Structure formats: structure tokens, C-alpha cells
Amino acid sequence: MFQLSHASMRLQTIQLQGHDEMAIKILFRELENHLKSSSGASVVAIDNKIEQAMDLVKSHLMYAVREEVEVLKEQIKELLERNSQLEQENTLLKTLASPEQMAQFQAQVQTGSPPAAPTAASAGTPNTATLTQPASHSSGPSA
């Protein structure tokens with residue numbers, strides 16, 4: 001340990017003089033000398049510390065991934081519920097639509113044109129209150 005702190009002091013002195021490349025070379029030389037002169041137990045201790053650090057990083061990453069998975073599961077659940085609700089509304093609207101409205105809708109789907117704004121003068125067109133009122137009663141359990 002004395003050799004490493006001695007190398008650290010030498011590095012600080014050299015950095016103050018503005019010789020970064022030389023400081024790095026000296027630091028690596030001192031580290032290399034220390035590792036060569038170290039006993040096998042010291043090298044094993046360093047390996048153990050590296051392994052512990054890697055385990056710590058791994059556990060933090062796994063925690064972050066689990067957290068993100070939980071958020072995504074919740075989003076999927078909400079999207080499935082919304083999809084079910086929209087399918088119910090779609091089914092209801094199809095049952096309330098007149099054959100002429102369905103034919104017009106099919107034609108628009110095939111041509112890719114946007115849906116036309118509903119007109120109050122259309123014969124057989126249910127008003128908004130009629131369409132929304134049954135929809136509020138269809139809030140049964142969703143899958």
C-alpha cells in the first residue's frame with residue numbers, strides 16, 4: 001500500500017508540472033511493480049473486490065430492469081383495458097348505425113378518405129345523446 005500512495009504522491013507532483021502523459025506512465029510503472037511484488041493473497045483480494053463491484057453493478061442493473069418491467073406491465077394493462085372499452089364502443093356503434101351509414105363507412109375505409117362530419121338532416125341518424133347514453137350502460141367487467 002505504501003508503494004501505491006508513494007506513486008500517487010509522485011503523480012500529483014508531476015501533474016502540477018503539467019506532464020500528464022509522464023504521470024500516467026509513472027503510475028502504471030509503480031502499479032506494475034506493486035503487482036509483481038505482491039503476494040498471491042493480495043492479487044486474490046483485488047480480484048475479490050473487482051468481483052464484488054461487478055456483482056453490485058449487476059444487482060443495480062437487475063433492479064432497474066425489474067422496475068422498468070413493472071412500469072411496462074402497468075402500461076400494457078391500461079392499454080388492454082382501453083382496447084376492450086373501444087371494442088365495446090365500436091360494437092355498440094355498429095349496432096346503432098343504419099345500413100346506409102355502414103355502407104358509407106365501408107366506402108370511406110376502402111378509399112382511405114377521412115369520415116364525413118355527421119349532418120343533423122340525415123334521415124335515420126341517431127343523435128349524440130342516443131349514442132352516448134347506451135354506451136354509459138355498457139361498462140361491464142372487462143377482460
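The chain has five helices and zero strands. From the N terminus on, its elements run α-α-α-α-α. Helices here are DSSP runs of H or I with at least four residues, strands are runs of E with at least two, and numbering starts from the N terminus. This is a predicted model: local features need pLDDT of at least 70, side-chain atom pairs count only at pLDDT 80 or more, and totals for chains, interfaces and linings use all residues. Residues are numbered from 1 along each chain as its sequence is written, and side-chain values use heavy atoms, with hydrogens and water left out.

Now look at burial. Of the chain's 143 residues, 8% count as buried. Buried means under 20% relative accessible area, exposed means over 50%, and partly exposed lies in between (1.4 Å probe, protein chains only).

Next, helix α2, residues 20–37. I24 sits there. A patch takes residues with over 30% relative accessible area and no salt bridge; like charges are joined within 9 Å, nonpolar side chains (Val, Leu, Ile, Met, Phe, Trp, Tyr) within 5 Å. A salt bridge is a side-chain nitrogen of Lys or Arg within 4 Å of a carboxyl oxygen of Asp or Glu. I24 is partly exposed, at 45% relative accessible area.

Move on to helix α3, residues 40–96, which holds E70. E70, E74, E78 and E81 form a negative surface patch. Asp and Glu count as negative; the place of a Glu charge is its CD.

UniProt, in an unreviewed entry, places a "coiled-coil region" at residues 62–96; such annotations may be inferred rather than shown by experiment. Over residues 62–96 the model is 100% helix and 0% strand. The end C-alpha atoms of that stretch are 51 Å apart.

Conventions
Areas by Shrake-Rupley, 256 points an atom, 1.4 Å probe, with all protein chains shown as cover.
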